[in-house]
Amino acid sequence: MIIDSHLHVWSDDEHRYPFGEVAQPARGEMASVELLGDHMSVAGVDKAVIVQPIHYLYDNRYVAECLVRFPGRFAGVALVDPKGPAAPFELECLVREQGFGGMRLHLSLQTDPSDLATSDQDQLWRRVEELDVCFIILGKAEDLPAIEPIVGRFPGVKVVLDHLGGPPVGEERPYPLLSHVLRMAKYPNVYVKVSNMNRISQVPYPHIDTHEMVRRIYDAFGPERLMWGTDFPHVLNAGGYVRALGLVRDELGFLNEDDKEWLFNKT
């Protein structure tokens, strides 16, 4: 079985599901769940985790609809305003009533990312732990120290770093920004998505300028805390869905078959 741990979908019906004011997709960029299903079928991907797109901000209705329409094929990660007073309750409703499995934290949506690690966030983290769901964190590697204190306070909360934790390509020794990602490996509850390599690479497929970075993350976390993802639909403009699979399956020579089992489904 192959599971895509990271992608986004949005509806072709903008009237029913209007985009918010934070960001909108590029003109003509399509990402319906039906289009996703077509690409998954061609690539032989069985299941996927839909991450609520920033285009809808905190309106999770379309992703919720996808979970209902395709039971068992998709999991969902919601967006909730983490600074909102009702955040723990809103997340609980999304989990218990609509089947979501986690919540995404956008560090870039905060004036200061460390605001998401203050004590007023403890109630939300306690609720995540009680619900046995997870946080996924999107941000640059340079912002990870800002969130690290609350990760350490809640060892029972699973935390997943999006897109390799956000380090840059081509960083020179001693890799100061990649080091922020590697330091997070000391927390057993932290996982990393091996995704977005094709978008950050500065060279053509198989994007060899990213391989050493991934190897260092692999050495620090081990395959049991890594998971593969495509970042659909953005991947369609960066080599394509099938190549995103082939990059990890066929081109990372340090991965053995057991490692790939972890990255593609067991983690």
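This is a predicted model: local features need pLDDT of at least 70, side-chain atom pairs count only at pLDDT 80 or more; totals for chains, interfaces and linings use all residues.
1. Val68 is exposed, with a relative accessible area of 66%. The cut-off for exposed is over 50%, so Val68 qualifies. Val68 sits in helix α2, which covers residues 61-69.

2. Now the chain as a whole. The protein chain has 10 helices and eight strands. Its radius of gyration is 18 Å, close to the 18 Å that the globule rule gives for 267 residues, so the chain is as compact as a globular protein of that length. The C-alpha trace spans about 45 × 40 × 35 Å along its principal axes.

3. Of the 267 residues, 55% count as buried. Among contacts with a separation of 6 or more, 78% join residues 24 or more positions apart. The accessible surface of the chain is about 11900 Å². Carbon and sulfur atoms hold 50% of that surface.

4. The largest pocket deserves a close look. Its volume is about 530 Å³. The lining counts 27 residues, and the closest to the pocket centre are Ser5, Val49, Cys134, Met227 and Thr267. By class, the lining has 16 nonpolar, six polar and five charged residues.

5. Which elements each supply at least two residues of that lining? The strands that do so are β1 (3-7), β2 (47-51), β3 (74-78), β5 (134-138), β6 (158-161), β7 (190-194) and β8 (226-228). Helix α10 (257-266) also supplies at least two.

6. The second largest pocket holds about 270 Å³ of space. It is lined by 16 residues. Nearest its centre lie His8, His163, Arg199, Asp231 and His234. The lining divides into four nonpolar, eight polar and four charged residues.

7. His163 is found in the loop between β6 and α6 (176-183). Its phi is near 50°, a positive value in a residue other than glycine. Is His163 buried or exposed? It is buried, because its relative accessible area of 14% falls under the 20% cut-off.

8. Leu57 is in the loop between β2 and α2. As background, most residues other than glycine have a negative phi.

9. The bond from Tyr205 to Pro206 is cis, with omega near 10°. Pro206 is placed in the loop between α7 (197-200) and α8 (211-221). The bond from Phe232 to Pro233 is also cis, with omega near 0°. Pro233 is in the loop between β8 and α9 (241-250). For context, most peptide bonds are trans.

10. Gln110 is a loop residue with cover. It lies between β4 (102-106) and α4 (122-131). Gln110 is buried, with a relative accessible area of 17%. The cut-off for buried is under 20%, which means Gln110 falls inside that class. What does Gln110 contact, leaving aside its neighbours within four places in sequence? The partners are Pro82, Lys83 and Leu116.

11. Trp262 is found in helix α10. Leaving aside neighbours within four places in sequence, Trp262 is in contact with Pro223, Glu224, Leu226 and Thr267. Thr267 is also one of the residues closest to the centre of the largest pocket. Trp262 and Ile147 are 115 residues apart in sequence, with their C-alpha atoms 26 Å apart.

Note on methods: Residues are numbered from 1 along each chain as its sequence is written. Side-chain values use heavy atoms; hydrogens and water are left out. On a 1 Å grid over the protein atoms alone, a cavity is a set of points where a 1.4 Å probe fits but cannot get out, and a pocket is an open set with protein on both sides within 12 Å along at least five of seven lines; lining residues have an atom within 4 Å of a point. Grid points are joined across faces, edges and corners, and a volume is the space filled by probe spheres set on the points. Helices (H or I, at least four residues) and strands (E, at least two) are DSSP runs, numbered from the N terminus. Ala, Val, Leu, Ile, Met, Phe, Trp, Tyr, Cys and Pro count as nonpolar, Asp, Glu, Lys and Arg as charged, and the others, Gly among them, as polar. Buried means under 20% relative accessible area, exposed over 50%, partly exposed in between (1.4 Å probe, protein chains only). Contact means heavy atoms within 4.5 Å. The radius of gyration is taken over C-alpha atoms; the globule rule is 2.2 Å times the number of residues to the power 0.38. Accessible areas come from the Shrake-Rupley method with a 1.4 Å probe; for residues, only the protein chains shown count as cover.
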